[in-house]
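I set out to record what could be looked up in this structure. My entries follow in the order in which I made them.

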Amino acid sequence: MEAVAVAAEARELLRASFASGRTRPAAWRAAQLRGLLRMAAEMEAEICAALRADLAKPHTESYVHEISLVTSSCKFALKNLKKWMQPKKVPAGVLTFPSTARVTPEPLGIVLVVSAWNYPFLLAVDPVIGAIAAGNAVVLKPSEIAPATSSLLADLLPRYVDSSCIKVVEGGIAETTALLEQKWDKIFYTGNSKVGRIVMSFAAKHLTPVVLELGGKCPVVVDSNVDLHVAAKRIAAGKWGCNSGQACISPDYVITTKSFAPKLLDSLKKVLDEFYGKDPLRSEDLSRIVNSNHFNRLKALMDEEMVSDKIVFGGQSDEQQLKIAPTLFLDAPLDSAIMKEEIFGPLLPIITVDKIHESFALINSMTKPLAAYLFSKDSKLKRQFERNVSAGGVIFNDTGIHLTNQNLPFGGVGESGMGAYHGTFSFDAFTHRKAVLDRSFLGEAKARYPPYTRGKLKILKGVLKGNPLAMVQAALGCTGWA
């Protein structure tokens with residue numbers, strides 16, 4: 001009952017603040033964004049320490065992948081805020097002459113952001129930036145699976161932003177459930193598809209719109225026409241250099257040809273030795289698995305009978321440290337668990353095909369991923385990949401970096417999510433585009449009003465078909481014949 005009371009109180013406080021109009025002015029929005037900018041700059045050490053405590057995340061990854069992206073989002077929103085808020089004039093149309101028409105962006109109201117544990121600072125604050133820029137009041141529910149970062153956000157946000165309009169509610173399943181039971185004007189959830197379905201079921205009770213940032217099995221297709229060493233480094237950076245594979249856009253499996261696989265394997269092994277040394281479990285540059293549940297889940301994927309003999313590199317683990325070494329598999333069976341569910345960890349299966357184009361059908365036989373990657377110098381192959389593979393985003397010759405571009409939408413399709421954010425798309429995610437038409441009292445078209453006659457209908461038909469004479473007749477108030 002306490003969780004329900006806290007959720008209801010937070011919602012009512014924000015409802016009152018929003019109703020007062022406090023969040024609408026550009027000055028208020030800009031002040032909150034500048035507050036988040038200051039927080040990211042002044043509290044860098046504390047944020048990195050929390051991420052280290054939750055995930056053993058290296059300082060470089062914490063800054064580059066989380067703090068700097070929050071900073072970039074804030075600066076982009078501040079630069080474009082007034083332009084985004086401006087009503088947009090549109091053609092009024094002949095049928096409503098004389099009139100003017102515009103599309104006016106307005107905030108949705110009070111929104112709920114439920115964030116994830118794998119990038120617990122970025123994925124909590126980035127959606128909040130969009131909600132603030134759009135003029136909403138926000139409740140943020142950080143992930144309890146990253147407790148240090150959750151506690152830090154609960155402490156820091158009231159010190160840097162307006163706590164009457166932006167609140168943090170901590171807790172676990174009970175608290176999240178209590179929040180979801182409330183009526184919101186939008187829910188933004190980042191996480192897995194299982195919980196995404198639960199979020200949607202709660203939202204449906206109130207007809208609440210949702211953005212779901214999910215995940216899926218992100219494929220990497222490697223053609224033989226590549227700069228192999230560069231490709232291997234970029235795959236490794238996107239997999240193990242991004243929270244040890246615990247990322248929604250992490251490469252989940254690789255597809256290459258049977259003839260090219262040995263070369264790719266050899267290059268990946270060299271790169272992994274280069275990055276993490278001969279004993280990767282001792283590397284300070286490799287994040288740990290978030291908790292024992294996820295560690296055991298990953299171990300079960302590795303130890304499955306049909307998969308365990310497919311390990312061609314790595315495989316070491318340390319349960320006490322919650323670390324698993326970068327591990328490569330060659331031709332794990334497609335019906336194995338590691339190829340059926342999202343891995344979300346440092347395991348990377350390599351699947352071989354006879355011809356590289358066969359990768360398209362293999363990818364499309366699975367659920368649509370959040371990202372799909374192709375390494376190739378072949379322009380024709382790139383065009384075919386873009387045209388034939390459905391994914392939240394497509395990246396050529398790198399992994400994961402598309403989310404750094406504020407001009408690109410970031411979001412999934414199908415099982416990998418719905419809705420998008422980043423840059424203007426974040427503003428749009430939390431905005432209602434209101435149609436506004438302002439008509440003069442002049443220009444009465446009597447033909448539109450009862451009693452209807454054949455003459456009036458003839459004039460109306462002419463107007464609807466764009467007939468100039470009929471338009472003049474309507475404008476002059478003609479009614480035709482009975």
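I call a residue buried when its relative accessible area is under 20%. I note also that the model is predicted.

**Entry: helix H11.** I looked up which residues of H11 are buried and found His294, Phe295, Leu298, Leu301 and Met302. Seen down the helix axis, these buried residues fall within an arc of 120°, so they line one face of H11. The helix covers residues 292–303 and reaches 16 Å from its first C-alpha to its last, close to the 16 Å expected. At its start, I noted a side-chain oxygen of asparagine 291 within 3.2 Å of the backbone nitrogen of asparagine 293.

**Entry: the annotated positions.** I consulted UniProt, whose unreviewed entry lists Glu213 and Cys248 under "active site". The two are spread over 36 residues of sequence, yet they cluster in space, with a largest C-alpha distance of 8.7 Å. Of these residues, Cys248 is included in the lining of the second largest cavity.

I then took each residue in turn. Glutamate 213 is found in strand E7, and its relative accessibility is 2%, so it counts as buried. Its contacts include Phe188, Leu370 and Phe410. Cysteine 248 lies in the loop between helix H9 and strand E9; at 15% relative accessibility it is under the 20% cut-off and therefore buried. Among the residues it touches are Asn118, Leu370 and Phe410.

**Entry: threonine 208.** I located threonine 208 in the loop between helix H8 and strand E7. Threonine 208 is buried, with a relative accessible area of 8%. Its side chain reaches the backbone oxygen of tryptophan 184 at 3.1 Å, and the residues it touches include Asp185, Ile187 and Ala203.

How values were computed. Residues numbered from 1 in each chain as written. Predicted model: local features only at pLDDT ≥ 70, side-chain atom pairs only at ≥ 80, totals over all residues. Heavy atoms only, no water. Helix = DSSP H or I, 4+ residues; strand = E, 2+ residues; numbered from the N terminus. Buried < 20%, exposed > 50% of the residue type's maximum accessible area, 1.4 Å probe, protein only. Polar contact = N/O pair within 3.5 Å; in protein donor to acceptor, adjacent residues only side chain to side chain. Contact = heavy atoms within 4.5 Å. Expected span 1.5 Å × (residues − 1). Arc of directions from axis to C-beta. UniProt positions renumbered as here; feature names shortened; annotations may be inferred. 1 Å grid on protein atoms, 1.4 Å probe; cavity = no way out; pocket = protein on both sides within 12 Å on 5 of 7 lines; lining within 4 Å. Lists of a residue's contacts leave out its neighbours within four places in sequence.
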